Amino acid sequence: MKILLIEDEPALQETVSKYLSEEGHLCEIAYNYGKAIEKISVYEYDCLLVDITLPDGNGLEVIKEYKKEGYKGGVIIISAKNSIDDKIAGLGLGADDYLTKPFHLHELNARIKSVLRRLNFDGEQLIRYNEITVDPDAKTVLVNENKVTLTKKEYEILLYFLQSPKRVLSKGAIAEHLWGDHMDMADSYDFIYSQIKNLRKKINEFSVNEYIHAVYGVGYKLIKE
Amino acid sequence: MKLLTKTNRYYLRYSALLLACGVVLFYFIINGVIRSEVSELLENQLEEYLIESRQNETSPIIQSTSELEVSLAKKVEKPDVLIDTLIKEPSEDELIPYLQLSVYREINGRYYHITLRESLIESEDILLAITLSLVLLFAVLLVGLYLLNKHLSKELWKPFYLNLEQVKQFNLTQMEDMSIIDADITEFQELNDALIKMASKSKKDYLSLKQFTENASHEIQTPLAIIRSNIDQLMQYDNDETRLNDLSKIEMAVNRILKINQGLLLLAKIENRQFKELEKLNLVEYLQQSLSDFEELSSAKNLSIHLESKNEHILFNKSLLIVLLNNVIGNAIRHNQDNGFIKIRFMANTLTIENSGKPLTVDPSTLFNRFVKSNPSAQSTGLGLAIVKTIGDELGLDIDYKYYNSTHTITIKFH
């Protein structure tokens with residue numbers, strides 16, 4: 001997918017664009033309001049990642065302009081300010097999601113995938129990885145066409161893995177994905193361990209393959225082996 | 001004791017002492033004057049009598065009344081004697097005080113013993129009247145001072161007390177300034193000016209410190225984000241177990257800093273009144289949502305959850321309510337034991353959350369302070385309950401904690 005990153009912090013530009021390229025996206029960078037307006041009027045993008053605090057303007061203005069021109073790409077706001085007002089304003093202007101800095105790159109990836117899926121860019125509604133099929137709208141999981149019943153958190157963990165296959169997801173990243181703003185609960189690493197244990201068991205009811213592998217000391221990885 | 005009352009006491013004691021001495025002194029002086037007058041009177045009477053008697057051809061009459069006694073005497077050289085004496089008047093029943101002048105004089109060739117007396121009773125009556133009047137004056141002075149004290153207390157000190165009330169209620173974290181009233185008494189006005197200056201400086205310093213804390217917190221976010229993403233990248237490609245383990249430890253430490261930072265920022269925002277909007281919210285809905293969010297965590301410990309509540313609405317800020325409930329319920333789950341329970345009750349605007357669990361290892365009165373954790377090794381930031389308390393302070397909730405019968409109870413009263 002073609003993604004425009006509108007962000008003025010150089011280190012963050014580098015990290016995010018590198019990550020997105022590895023995920024197979026084409027990532028371009030606009031480092032201020034002026035450049036952003038320039039780029040969106042010339043090129044088409046599948047998704048915009050907009051930082052609200054830009055040196056010469058406000059990211060919200062970029063979104064306004066983008067929507068005014070009638071572009072259909074997804075818009076995700078990334079901001080250091082966890083401000084409810086900004087969130088409401090941004091979503092009100094037509095942004096699809098709002099992510100607070102600092103975020104896990106995998107979280108960004110998951111959000112981009114969700115937004116693009118919602119906007120039908122992927123064509124297909126289902127997420128597939130080998131024997132596992134997930135219908136995110138119906139929230140159903142099939143392993144080799146057999147329906148598997150998962151708890152809410154088990155489902156979210158599986159979805160997260162499916163959105164970043166073959167990537168090592170640290171326990172911290174998983175915890176933050178599950179608990180998000182519930183800050184203090186996001187340290188229940190033991191809980192994650194037990195959830196993943198159950199998840200594996202349920203998958204292995206209908207498949208001989210191991211999908212979720214532990215990466216010692218760090219977290220887990222989804223890969224068929 | 002009040003200042004006026006104290007000064008009043010001093011005045012009264014001084015006045016009493018002065019008046020007492022005065023009355024006594026006055027008594028003696030007046031008495032002395034009276035006596036001197038009366039003795040002068042006696043002298044004059046004697047002179048008049050002698051002159052009259054010496055002019056008369058006939059001899060003086062020998063008599064004896066209470067006022068005049070004349071009797072024959074031998075020729076003696078005896079000095080005049082002036083003394084006090086008591087005479088029993090035939091018409092009166094009591095002894096009456098007299099001043100008595102007793103002399104020996106020659107009249108027309110013969111010697112006589114002459115005694116003149118003057119009654120002192122009238123003078124004594126006068127003296128008594130004067131003394132009583134003084135005492136009455138003193139009583140009037142007392143009453144007057146008391147009433148004056150009351151009046152002064154109310155009027156003169158009114159501006160002082162009003163301003164004192166303002167100072168008592170002054171809260172550094174509130175946005176409103178004290179409304180200090182001007183006084184036309186120099187000392188009070190000076191005090192006012194000093195107070196206003198001090199309050200304004202404190203507030204400025206406080207706000208500036210808060211702003212600094214907020215800015216610092218914000219600045220920390222970005223470098224932490226960079227650390228985190230880079231560690232994430234390193235973890236993808238490294239296969240060495242020891243290095244991965246170390247990376248994981250770094251990541252968890254960074255996460256911890258981030259969470260503490262977020263917590264502090266949230267606290268700063270709440271104190272800064274950034275969550276001002278109130279709406280009518282059905283508390284039960286939010287309770288149920290919170291419980292459902294934490295469902296897996298509570299099942300992991302096999303906790304039994306009881307929710308008993310009425311569908312009551314409260315006026316509150318939506319975001320803060322969610323944060324409040326999540327923190328309290330999350331806490332109840334975290335500090336619980338396996339197979340324990342959580343009982344939640346909401347009625348009559350009071351939310352009660354009870355959970356089983358080990359007793360606290362910290363002083364309960366510090367439980368709501370920042371960074372206080374009952375289990376010091378736990379991964380939590382120690383800010384959860386501090387956030388709850390700050391929300392309570394800003395939105396006027398009464399929050400209480402008890403530990404009884406192996407049960408922790410937190411009670412929150414809404415308005």
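In this predicted model, Lys2(A) brings its charged end over the ring of Tyr45(A), 5.2 Å from the ring's centre. A charge counts as sitting over a ring if NZ of Lys or CZ of Arg is within 6 Å of the ring centre and within 35 degrees of the ring normal.

Now turn to rings that meet rings. Two rings pair if their centres lie within 6.5 Å. By this rule there are eleven aromatic pairs over all chains. Take Tyr66(A) and Tyr71(A): their ring centres are 5.1 Å apart and their planes meet at 25°, so the pair is stacked. The cut-off for stacking is planes under 30 degrees apart. How exposed are these two partners? Tyr66(A) is buried, at 2% relative accessible area. Tyr71(A) is partly exposed, at 22%.

Phe160(B) and Tyr161(B) show another geometry. Their centres lie 5.7 Å apart and their planes stand at 70°, so this pair is edge-to-face. Phe160(B) has a relative accessible area of 23%, so it is partly exposed. Tyr161(B) is partly exposed too, at 34%.

Key: Residues are numbered from 1 along each chain as its sequence is written. Chains are lettered from A and ligands numbered from 1 in the order in which they are written. This is a predicted model: local features need pLDDT of at least 70, side-chain atom pairs count only at pLDDT 80 or more; totals for chains, interfaces and linings use all residues. Side-chain values use heavy atoms; hydrogens and water are left out. Rings of Phe, Tyr and Trp (its six-membered ring) pair if their centres lie within 6.5 Å; planes under 30 degrees apart count as stacked, over 60 as edge-to-face and the rest as tilted. Buried means under 20% relative accessible area, exposed over 50%, partly exposed in between (1.4 Å probe, protein chains only).
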